[in-house]
Amino acid sequence: MLLTAACLLGVATVPAGAEAGQTPQATAGDPAPTSTNPQVESNNADADFVAMMIPHHQQALILSRLAPSRSSDSAVLSLADRIDVEQGLEIYMMQSWQEWNGLEQTDPQQSYEEMMQDPMMVEEMGLATPEELDQLTASTGNAFDVLFLRLMIKHHNGAIDMLTDVLTNGTDETLQQWATDMMATQYAQVQMMQRMLDNKT
């Protein structure tokens, strides 16, 4: 699935000038991590994973940034802020990985917009549909909280499938560590969000 999706999307080049509020872009000056086994190189599964996870994370930022103006639940607001910070940083890390490996950096918003034009990809990756995004944008209070949690649980589960794929088929040591950490974080957040949702419904 990842290879097919990556071929459909391609990898977009990041614009030279990043505006305020956007995810910081990796630069050639960012140091690459030192591998303990330099003979192990990245493969297509690694490159495809990064190219797909960057726009997948971009939707998490879009969802999370709706919360401050629509929710009054401190737990939801705290979760949304944490996801915004964590996944924004992970986008930067993955763009840095592309730079270290001589790949074009994926533009998060452009690739996300391309991804959303493929309904099958949206479903397979656990993304919120355009209709669900409109519904979330129009909601406030408890209605927002419930829909936000449902959409983010689905979104995280889609990411967990992608992480399982790269942990199974990838070879890059740095990505293996990152994917392991992402898996633990997203799994824990799914459990937490399900408890929050149960208390609201």
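1. Cavities. This predicted model holds 1 cavity of 30 Å³ or more. The largest cavity has a volume of about 30 Å³. A cavity here is a set of points, on a 1 Å grid over the protein atoms alone, where a 1.4 Å probe fits but cannot get out. Grid points are joined across faces, edges and corners, and the volume is the space filled by probe spheres set on the points.

2. Ground rules. Residues are numbered from 1 along each chain as its sequence is written, and side-chain values use heavy atoms, with hydrogens and water left out. Local features need pLDDT of at least 70, side-chain atom pairs count only at pLDDT 80 or more, and totals for chains, interfaces and linings use all residues.

3. The lining. Which residues line the largest cavity? They are E86, Q87, E90, M182, T185, Q186 and Q189; a lining residue has an atom within 4 Å of a point. By class, the lining has 1 nonpolar, 4 polar and 2 charged residues. Ala, Val, Leu, Ile, Met, Phe, Trp, Tyr, Cys and Pro count as nonpolar, Asp, Glu, Lys and Arg as charged, and the others, Gly among them, as polar.

4. Helices at the cavity. α3 (74–100) and α8 (173–200) each supply at least two lining residues of the largest cavity. α8 gives the most, with 4 residues. Helices are DSSP runs (H or I, at least four residues), numbered from the N terminus.

5. α3 with α8. The axes of α3 and α8 come within 12 Å and cross at roughly 160 degrees. Axes are lines fitted to C-alpha atoms, for helices over the stretch in contact, and angles run from 0 to 180 degrees between N-to-C directions. α3 and α8 are therefore roughly antiparallel (angles over 145 degrees). Their crossing is left-handed: the near helix is turned anticlockwise from the far one by less than a right angle.

6. The structure holds 2 aromatic pairs. One of them, W100 with W178, is tilted: 6.1 Å centre to centre, 50 degrees between the planes. W100 lies in α3 and W178 in α8, so the pair ties together parts that are 78 residues apart in sequence. Rings of Phe, Tyr and Trp (its six-membered ring) pair if their centres lie within 6.5 Å; planes under 30 degrees apart count as stacked, over 60 as edge-to-face and the rest as tilted.

7. α7 with α8. The axes of α7 (residues 141–169) and α8 come within 9 Å and cross at roughly 155 degrees. That makes α7 roughly antiparallel to α8. The crossing is left-handed. By class, this contact has 17 nonpolar, 9 polar and 3 charged residues.

8. α2 with α3. The axes of α2 (residues 44–64) and α3 come within 9 Å and cross at roughly 155 degrees. α2 and α3 are therefore roughly antiparallel. Their crossing is left-handed.

Notes
On a 1 Å grid over the protein atoms alone, a cavity is a set of points where a 1.4 Å probe fits but cannot get out, and a pocket is an open set with protein on both sides within 12 Å along at least five of seven lines; lining residues have an atom within 4 Å of a point. Angles under 35 degrees count as roughly parallel, over 145 as roughly antiparallel, 65 to 115 as roughly perpendicular and the rest as oblique.
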